[in-house]
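Dear colleague,

Please find below the structure that I am handing over to you.

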Amino acid sequence: MFTRPRRLPALLLAVLTLAAAPAARAEPVDAGPPGTAALLAELHTLYERAGAATEAYNATEERLAAQRDRVAELSRRLADTRTELAATRDAIGALAREQYRGGGLILPASLRLLLGSDPDRELTGAAALERAAESAAAALERLETGERHESELAGEARAALDAQQELAEERERQRDAVTERLDEVETLLAGLSDPELAELSALERTGTARAQEQLLAEGTLGEELSRAPSAEGERALAYAIEQLGKPYAWGAEGPDSFDCSGLTMQAWALGAGRPVPRTSQQQWERLERVPLDALRPGDLVVYFEDATHVGLYAGDGMVIHAPRPGATVKVSPLAANPPLGAVRPDPEAEPLPSWTPPVLPDWASEGEDSGYDHP
């Protein structure tokens, strides 16, 4: 069920679509006074840097989670090994007590020294001697092997903990970098007047429209803009549609807010039941690439040269994405950002034999801001 997001203060409503970079523009945009284009370019740069910092943070967060799992696994294995060592030592102690009470076992010299046995004791039977010697030797071997294993695991656990600490410190540095980039955006926006914001909004809309027109005119998306998705792609798209209007929050994976790759990851993981990598860069690197003229709904469109933004293709040349801080999940023209390419999480899946595109709410493309959302 769609719920229309509330309307918000006018101060930032004029910059609803400031997610595109100058490189996305097909030609220079001459709307607005000379200084407006420079302001828009600066905002694009700041938002792109914030997006890159956010994806770096997300990647480190994922590595940190994996490292925590490794530390936990090593700790469990180390505890199990120490339990086994204690049992082996108890068994050797029992052998020593039995030897002492029996008064006749002759054991290997190494074990006699370890257990403090009497070398003058003799066994009455050769078979008993052999069994006792084999049991004691096996126990001693288990002890020596266990102690080596314990030492190795302890070293691995210490190294894993050190790596975890380094990742945690790296994550904090990246958190600071995101905050710094977003503070720069906030400072720039706070210094603009209402007329300047209105000029930026008009210039942005003009530039996006021209970029989309050129993308379509050049045939980059092919002639068929609404191909049928796969069954999983349809479910991923349905999930993304359900998130329309929810706020962007960097590092968020839902259910109440999302960043760009958090949205696409959950659309495929929760909506379609197919896990995909967490960050836009990992999605670009690890998923199978498809040309833009073969896009089908549910495919992921990746943006910027360093793959720092991603959206989910909705058909008809549009994407659903979480644009930036202060914005909400919305529908945008595919050319609102400079596309790097596209990837398909389910390349082996056949498209549905027939498909009716879902009806989107009338406000899905509005992209209303909720004001600046500081992390």
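A salt bridge is taken here as a side-chain nitrogen of Lys or Arg within 4 Å of a carboxyl oxygen of Asp or Glu. By that criterion Asp80 and Arg76 form one, with their closest N and O atoms 2.9 Å apart. Please note that the model is a predicted one.

Asp80 and Arg76 are four residues apart in helix H2, so about one helical turn separates them. Asp80 is partly exposed, at 36% relative accessible area, and Arg76 is likewise partly exposed, at 41%. The pair belongs to a network of salt bridges that links Glu73, Arg76 and Asp80.

The structure holds nine salt bridges. Another of them joins Glu170 to Arg63, the closest N and O atoms lying 3.7 Å apart. This pair connects distant parts of the chain, since Glu170 is in helix H4 (residues 126-190) and Arg63 in helix H2, 107 residues away. Glu170 counts as partly exposed, with 21% relative accessibility, and Arg63 is partly exposed at 44%.

A further salt bridge brings together the side chains of Asp346 and Arg296, at 3.4 Å from N to O. Asp346 lies in the segment after strand E6 (339-344) and Arg296 in the loop between strand E1 (288-290) and E2, so this bridge ties together parts 50 residues apart in sequence. Asp346 is buried, with a relative accessible area of 1%, and Arg296 is buried as well, at 6%.

Glu55, in helix H2 (residues 34-102), presents another case. Which side chain of opposite charge is nearest to Glu55? It is Arg278, at 4.8 Å, and Glu55 is buried yet has no salt bridge; the cut-off for a salt bridge is 4 Å. The side chain of Glu55 does make polar contacts: one of 3.0 Å with the side chain of Asn58, and one of 3.0 Å with the side chain of Ser261. Beyond its neighbours within four places in sequence, Glu55 is in contact with residues including Asp259, Cys260, Thr279 and Thr308.

As to the overall architecture, the protein chain comprises eight helices and six strands. Read from the N terminus, the order of elements is α-α-α-α-α-α-α-α-β-β-β-β-β-β. Of its 375 residues, 46% count as buried. Among contacts between residues at least 6 apart in sequence, 75% join residues at least 24 apart. The chain exposes about 18,100 Å², of which carbon and sulfur atoms supply 52%.

Helix H6 (residues 231-242) has 12 residues, which at 1.5 Å a residue should span 16 Å; its end C-alpha atoms are 17 Å apart, in agreement with that figure. Its buried residues are Glu232, Gly233, Ala236, Leu237, Tyr239, Ala240 and Ile241. Their cover includes helix H7 (260-271), strand E3 (309-315) and strand E4 (318-321).

Finally, Leu300 lies in strand E2 (residues 300-303) and is buried, with a relative accessible area of 0%. Leu300 and Val310 are 10 residues apart in sequence, while their C-alpha atoms are 6.6 Å apart in space. Leaving aside neighbours within four places in sequence, the residues in contact with Leu300 include Thr264, Trp268, Leu287, Val310, Leu312, Val343 and Pro345.

With kind regards

Key
Residues are numbered from 1 along each chain as its sequence is written. This is a predicted model: local features need pLDDT of at least 70, side-chain atom pairs count only at pLDDT 80 or more; totals for chains, interfaces and linings use all residues. Side-chain values use heavy atoms; hydrogens and water are left out. Helices (H or I, at least four residues) and strands (E, at least two) are DSSP runs, numbered from the N terminus. Buried means under 20% relative accessible area, exposed over 50%, partly exposed in between (1.4 Å probe, protein chains only). Contact means heavy atoms within 4.5 Å. The expected span of a helix is 1.5 Å times one less than its number of residues. Accessible areas come from the Shrake-Rupley method with a 1.4 Å probe; for residues, only the protein chains shown count as cover. Lys and Arg count as positive and Asp and Glu as negative; His and the chain ends are not counted. A polar contact is a pair of N or O atoms within 3.5 Å; within protein, one must be able to donate a hydrogen and the other to accept it, and residues adjacent in sequence count only if both atoms are side-chain atoms.
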